[in-house]
Amino acid sequence: MRVGLIGLGAMGQGMARNLAKAGYLTAVYNRTFSKAEALAAELQIQACETIEQLAGQVDVVLICVSADKDVLMVVDAVAKTVRPGSVVVDMSTVSSETAIVAAQKLAEKNAAFLDAPVSGGVEGANKGTLAMMVGGSAQTLERIRPVLAAMTARIEHLGDVGAGQACKAVNQIMCAGINQAVTEALAFAEAQGLPMDKVIEVVSGGAAGNWFLQHRGKTMTQHQFPPGFKLALHHKDLKIAQHMAQHAGVGCPLTIATLADYAKLMAKGYGDEDISALYRLKQKRSSN
Ligand code: NAP
């Protein structure tokens, strides 16, 4: 199976390396071509100058770009040359509606589509331990499961096209609450004058322990917020979740509060920092 990957950002780079290690990756495309050239040289594969060139020569097209409009632009280009019978998998975090539109565009070209957003951060992408939430045909998933397994520790099929993105929205709502809880608790710990490294170690080992505390606790209390997961991207995801919650008639107060906090930070120019930059708003003498 020949596999091409479109989008070599923070997530795509690690995904590409793991796909190449498993022997699947034959071509990459990135909007900023220099990134594709550098990675292709490292992995001894092809750097494509256009999406059409990549889509025309592989059996599986993987996409990992930023937002809904980007996915739809990429899918339009893929649809121009995609080979009938091939599979297109979008691993970006976008709305279920976008997934359904993408699937329709590709079905017209006899190509299958899966929405397969991931969780696990840049660390998970680099280590090949992502959790993947898949919507679309279960048969199609089984056909290409070995490819997806090269990037993941867990793959779950949730239902029809769009169900993967709906599950990812669940994940993003939960991440918002965890970010609020961890940043607020650590700012409190700092205000108590506690030794922060020890607090993070001992709390991580108990009932309140979690991925975010373990991976971002130390850096945030040192006032370092390198991405990671860009705050502006989580803001984009929470907008999607808010829209879906309204549509479904369920409340989402934590999501709304986090959107407001992120908007404040983005207005101050922190949108490209990690989501742990929420700590800036929680500190006693805020230096945000
Ligand atoms: P990123 O570092 O900002 O990279 C975005 C990538 O998308 C870049 O390669 C960019 O190309 C490309 N791109 C953006 N718009 C494009 C367009 N219109 N046409 C073609 N390429 C385009 O983002 P990331 O962190 O890798 O995240 C990618 C996706 O995964 C997002 O949907 C995000 O929500 C999701 N995600 C991220 C994380 C995380 O922890 N970072 C975790 C799970 C899921 P250029 O290089 O030219 O800018």
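Asn-110 sits in the loop between α5 (96-107) and β6 (112-115), where helices (H or I, at least four residues) and strands (E, at least two) are DSSP runs numbered from the N terminus. Asn-110 is not a glycine, yet its phi is positive, about 60°. With 58% relative accessibility, Asn-110 counts as exposed; buried means under 20% relative accessible area, exposed over 50%, and partly exposed in between, with a 1.4 Å probe and protein chains only.

A quick word on what we are looking at. This is a predicted model, with local features needing pLDDT of at least 70 and side-chain atom pairs counting only at pLDDT 80 or more, while totals for chains, interfaces and linings use all residues. Residues are numbered from 1 along each chain as its sequence is written, and side-chain values use heavy atoms, leaving out hydrogens and water.

Now please find Gln-44, in the loop between α2 (33-43) and β3 (46-47). Gln-44 is not a glycine either, and has a positive phi of about 60°. At 71% relative accessibility, Gln-44 is classed as exposed. Why point these out? Most residues other than glycine have a negative phi, and most peptide bonds are trans.

That brings me to a cis peptide bond, the one joining Pro-227 and Gly-228, with omega about 10°. Gly-228 belongs to the loop between α10 (211-221) and α11 (231-248). A backbone N or O atom of Gly-228 is also 3.3 Å from a nitrogen atom of the ligand; a polar contact here is a pair of N or O atoms within 3.5 Å, and within protein one must be able to donate a hydrogen and the other to accept it, with residues adjacent in sequence counting only if both atoms are side-chain atoms. Asp-70 has a side-chain N or O atom 2.9 Å from a nitrogen atom of the ligand. For Arg-31, a polar side-chain atom lies 2.9 Å from an oxygen atom of the ligand. Taken alone, the ligand exposes 910 Å², and the protein buries 91% of that, using Shrake-Rupley areas with a 1.4 Å probe; for residues, only the protein chains shown count as cover.

Last stop: Val-170, in helix α8 (residues 163-191). Val-170 is partly exposed, because its relative accessibility is 45%.
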